[in-house]
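This report looks at selected side-chain contacts and at how exposed the residues that form them are. Please keep the sequence and the structure at hand while reading.

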Amino acid sequence: MFLILPYQRSPDENARLKSIINNDSSNSSLPPSTDQKGGKPANTYNGRIKSGRKAGGQKGHKGTTLTKTEIEEKIKSGKCRHEIRTIGDPSGKKYVTKYVVDLEVIPKITEIHIYADETGKIHVPEEYRSDVVYGANVKALAVSLYSEGVMSNDRIADFLNAASGDILGLSAGSVYGFCRKLSEQSQESIRHLDEHPLNSEVVATDATTVTVNGKQNYIRNFSIEDTVVYRAMKSKAITSLEKVGFLEKYTGILVHDHETAMYHFGTGHGECNVHLLRYLKKNTEETGKEWSGGDDRAAV
């Protein structure tokens, strides 16, 4: 005869499981997206400690408002179109001056005449193979909105068309072509950027979630004081990280958000200070010890 007794967890086991259950993005390295499982909306945690100060600029803070002197210098430089508008009777001698700084977008069309040489042959430069091409300013603005503004190709086209009064006639395909051309011409610069952080003793890295064709992907950065290199990745797994040439070559210290896969690369590791503060918060929540919580930990 066998007697089956119910399994009883030890106090230590219960404490360990409770600690795991209570983990969220505010007291561990879990991403904010996991907070939804516990009923807490994702990305709502703010790890900053309240200073007690009022919102806005603090006393003694130097503002950045344009002054009349600065505006007058801009007018003298000839870089701005200057016009005068009057309010009231201009025949009077007394008046005060106010300035309005605004932006006016005016489509510009340059007509280029390419003449034949002494043999009668016309040599058309490569950039003018099409009868109508877009200029450098349109291309630069479109690429900037794509890379810095993180806008989609169709939204960039819609925005620039609207800003030009529907004169440009840009398409999403044109915007894609601008970005592709820049990518091709930037390869040498990118190779140089890759090499620069490799010589640094410490490199910080993190990954940001992006959606590509409805699927979750990542943009990973490798950062030092004066350089940031970005790499597109389909996942944060080791197999995906192994395809990043930088990680295979780097032999210094990697600073990251406790990404366990990252410990397979580099020769040393450090964790983001924000995550260390989360661990301290977790310790206070579980042990009741005040040394690892409160405002004083901001100075750690």
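## Terms and model

A residue counts as buried when its relative accessible area is under 20%, as exposed when that value is over 50%, and as partly exposed in between. The structure discussed here is a predicted model.

## Salt bridges

A search of the whole structure finds nine salt bridges, and several of them are described here. One of these pairs is Glu259 with Arg220, whose side chains meet with an N to O distance of 2.6 Å. Because Glu259 lies in the loop between strand E4 (253-256) and E5, while Arg220 belongs to strand E2 (residues 215-223), this pair ties together parts that are 39 residues apart in sequence. Glu259 has a relative accessibility of 12% and therefore counts as buried, and Arg220, with a relative accessible area of 0%, is buried as well.

A salt bridge also links Lys281 to Glu285, with 2.5 Å between the closest N and O atoms. These two residues are four residues apart in helix H9 (residues 273-287), so they are separated by about one helical turn. Lys281 is partly exposed at a relative accessible area of 22%, and Glu285 is partly exposed at 44%.

Glu271 is located in strand E5 (residues 268-271) and is buried, since its relative accessible area is 19% and the cut-off for buried is under 20%. The side chain of Glu271 makes a polar contact of 2.7 Å with the side chain of Tyr279.

## A nonpolar surface patch

Which residues form a nonpolar patch on the surface? The patch consists of Ile112, Ile114, Ile122, Tyr128 and Val133, which together have about 380 Å² of accessible area. Val133, one of these residues, lies in the loop between helix H2 (68-77) and helix H3 (136-147), and because its relative accessibility is 38%, Val133 counts as partly exposed.

Key:
Residues numbered from 1 in each chain as written. Predicted model: local features only at pLDDT ≥ 70, side-chain atom pairs only at ≥ 80, totals over all residues. Heavy atoms only, no water. Patch = residues over 30% accessible without salt bridge, like charges linked within 9 Å, V, L, I, M, F, W, Y side chains within 5 Å. Areas by Shrake-Rupley, 256 points an atom, 1.4 Å probe, with all protein chains shown as cover. Salt bridge = Lys/Arg side-chain N within 4 Å of Asp/Glu carboxyl O. Buried < 20%, exposed > 50% of the residue type's maximum accessible area, 1.4 Å probe, protein only. Polar contact = N/O pair within 3.5 Å; in protein donor to acceptor, adjacent residues only side chain to side chain.
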